Amino acid sequence: MRAARLIKMVLLLQSRPSMTAAELARELEVSERTVTRDAQALSEAGVPVYADRGRAGGYRLIGGYRTRLTGLARSEAEALFLSGVPGALREMGLEDAASAARLKVSAALLPSLRDASRTSAQRFHLDAPNWFTEPKSPESLPAVADAVWDDRRVTARYRGRESEGEGEVERELEPYGLVLKAGVWYLCARVQDSGSFRVYRIDRFTAVTAGEARFERDEEFDLPGFWAERAEQFARSILRAEVVVRLSGDGVRPLPYVVDPASAREALAAAEAHEDGWLTVTLPVESEEVAHTQLAGLGPEVEVLAPESLRARFAEDARRLGRLYGT
């Protein structure tokens, strides 16, 4: 436990010019007194940790000290090689850089760990695209990725949704981060005019030009948190209608697989139970048309109660099935 903490302390000091005792204590999740003892132990072991006294003081490594990655355990080395996503790196134009980085890490590892790249590849493979879709790499992705890494502003022309009558618009964007979701690339960016953050599908960019000007990144921006919030907002925004249904026990189990899972769970939590074991559920849906397609997959385990127009469609489905399969 302490050995791992000492290694982490050296790596932290190696990555920054100086750190205060409070900063180290926060990163290492220990007291400042423990930081002092650990620094003394490292110094006694030959690691040149120097303590600057005073209000602005802290700890730093002197003499350009660097440590090789000999403190990695096998599981840590293998996990390190899992952090790359080869397909995504290739699409962003970063395959060569990633390959060079892997070679440098391999060279720094102990000889007994240099097969970590091969052993991790034998045990894990990420297939990001969704089933039954042909993955396509957007033409503008490498240019967008370069701008994201360099914090450079871009001028982008974006094609909106034809179904909602949105035309092509031009925006000055500050590209903050990329997200790969089920084979589709998205850009999370701040619109320069309004200062608001938005999400763009990169395959809808018709032109992207990166300028020389750089923007000052908001260090408080949390890409995973922002994406999770916007994804939930999007999922809820398209659920603009409601249907009331009765579900059997066999209909309840697959419901989260045929409609939005979060909405299904909330609807089931508020469902009305009946003595026959069926539940009455009010379910948010995208539209009556979509609900008809989704709920049809539950067959006789669902009965539509409202709206009447949707119930009539299922009644007509039942009559047609009766004519096909009846004796």
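Is Leu321 buried, partly exposed or exposed? I began my notes on this predicted model with that question. I looked up the relative accessibility of Leu321 and found 48%. Buried needs under 20% and exposed needs over 50%, so a residue in between is partly exposed. Leu321 therefore counts as partly exposed.

Next I asked where Leu321 sits. I found Leu321 in helix α14, which covers residues 308-325. I then checked the surface around it. Leu321, Leu324 and Tyr325 make a nonpolar surface patch of about 400 Å².

The largest nonpolar core has 23 residues. I noted the members that touch the most others: Met92, Val144, Leu173, Leu178, Leu187, Ile202 and Phe205. I also traced which elements supply this core. Helices α5 (86-91) and α8 (141-150) each give at least two residues, and so do strands β3 (152-159), β4 (168-181), β5 (184-191) and β7 (205-214). The largest share, five residues, comes from α8.

Leu173 touches Arg153, Val154, Ala156, Leu187, Ala189, Arg190, Val191, Tyr200 and Phe205.

Last entry: Ala231. I placed Ala231 in helix α9, residues 223-237. Its relative accessible area is 35%, so Ala231 is partly exposed. I also checked Ala231 against Val199. The two are 32 residues apart in sequence. In space they are 9.6 Å apart, C-alpha to C-alpha.

Conventions
Residues numbered from 1 in each chain as written. Predicted model: local features only at pLDDT ≥ 70, side-chain atom pairs only at ≥ 80, totals over all residues. Heavy atoms only, no water. Core = buried A, V, L, I, M, F, W, Y, C linked by side-chain atoms within 4.5 Å. Buried < 20%, exposed > 50% of the residue type's maximum accessible area, 1.4 Å probe, protein only. Helix = DSSP H or I, 4+ residues; strand = E, 2+ residues; numbered from the N terminus. Contact = heavy atoms within 4.5 Å. Patch = residues over 30% accessible without salt bridge, like charges linked within 9 Å, V, L, I, M, F, W, Y side chains within 5 Å. Areas by Shrake-Rupley, 256 points an atom, 1.4 Å probe, with all protein chains shown as cover. Salt bridge = Lys/Arg side-chain N within 4 Å of Asp/Glu carboxyl O. Lists of a residue's contacts leave out its neighbours within four places in sequence.
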